[in-house]
Amino acid sequence: MSLGARKLGLMGGSFDPVHQAHVALATTALQHLALEAVHWVPVGQPWQKTRQLAPAEHRLAMVRAATQHEPRFVVDDIELRRSGPSYTLDTVQALQVQHPQAQWRLIIGQDQYANLHTWHGWQDLLARVTLAVACRGDQRPQPSATLAAHPHRVEVLPMPPMNLSSTDIRARLARGERAQTLAPAMVSETVAGYIDNHHLYAPGHTHLHGHP
């Protein structure tokens, strides 16, 4: 590492809603990779998703609520302020301008790693970051054949099995469960309070101002 370089993590996602596995992953990255900080970046307009997301201001507020306990977590609305589809490459390029001495770890799961060769500008992205891939137990990251043939840097984040997903949480809330009943196992108490106070994901509730 060059003199004065900072090790920073980047974790992007819809965070619709943010849940405890997200927090566990970012915390593991902080500790295991000795990062100075992890930047949480809620997606603006996800180019690979077709469903409607909760409004950006709510997703941003939930991430802030979920991360307020850790001063090394930085919540960045860079993609929410940018128009057009949200590409990780654009975000990394902008962050590299803001932090020219930083070495970035892109924190992703195995599913994202296997699919990374479909991302916009993925070859350029791989030249700019080291991938930090979450793996369960003693498993190793499994790249696609296309990705395996392209030089890139990978670090492993050992994670315990956590069977949590935003999809499952939204489904439970759409069936009428209150978010408080999912805390703290699935979402933090602060996130649960925010969801219930704003009636997010409730039965019959539609996000009229969400991104498509």
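Reader: What makes strand 1 and strand 2 a pair?

Author: In this predicted model, strand 1 (residues 6-13) and strand 2 are joined in the parallel sense over 6 bridges. Pairing requires at least two bridges, so the two strands qualify. One of the links runs from G12 to its bridge partner V41 in strand 2.

Reader: Why are strand 3 and strand 6 said to stand at the edges?

Author: The sheet is open, with 6 strands in the order 3-2-1-4-5-6 and parallel pairing. Strand 3 and strand 6 (154-159) each have a single partner strand, so one side of each lacks a neighbour in the sheet. Neighbouring strands are turned by 30° against each other on average, direction ignored.

Reader: What makes helix 2 largely enclosed by the rest of the structure?

Author: Of its 12 residues, 9 are buried, so the description holds. Among them are H58, R59, L60 and M62. The buried residues of helix 2 pack against helix 1, strand 2, strand 3 (73-75) and helix 8 (189-197).

Reader: How do you know that the length of helix 2 agrees with 1.5 Å a residue?

Author: The 12 residues of helix 2 (residues 56-67) should span 16 Å, and the end C-alpha atoms are 17 Å apart, so the two values agree.

Reader: Why is E36 called partly exposed?

Author: The relative accessible area of E36 is 41%. Buried would need under 20% and exposed over 50%, so E36 falls in between. E36 is found in the loop between helix 1 (20-32) and strand 2 (37-42).

Reader: What makes the link between E36 and R6 a polar contact?

Author: The side chains of E36 and R6 are joined at 2.8 Å.

Reader: Why is the pair R172 and E177 called a salt bridge?

Author: The closest N and O atoms of R172 and E177 are 3.8 Å apart. The cut-off is within 4 Å, so the pair counts. R172 is partly exposed at 27% relative accessibility, and E177 is partly exposed at 30%.

Reader: How do you know that D196 is buried?

Author: Its relative accessible area is 13%, and buried means under 20%, so D196 is placed in that class. The side chain of D196 meets that of R178 in a salt bridge (3.4 Å, N to O).

Technical notes
Residues numbered from 1 in each chain as written. Predicted model: local features only at pLDDT ≥ 70, side-chain atom pairs only at ≥ 80, totals over all residues. Heavy atoms only, no water. Helix = DSSP H or I, 4+ residues; strand = E, 2+ residues; numbered from the N terminus. Buried < 20%, exposed > 50% of the residue type's maximum accessible area, 1.4 Å probe, protein only. Polar contact = N/O pair within 3.5 Å; in protein donor to acceptor, adjacent residues only side chain to side chain. Expected span 1.5 Å × (residues − 1). Contact = heavy atoms within 4.5 Å. Axes fitted to C-alpha atoms, helices over the stretch in contact; angles between N-to-C directions.
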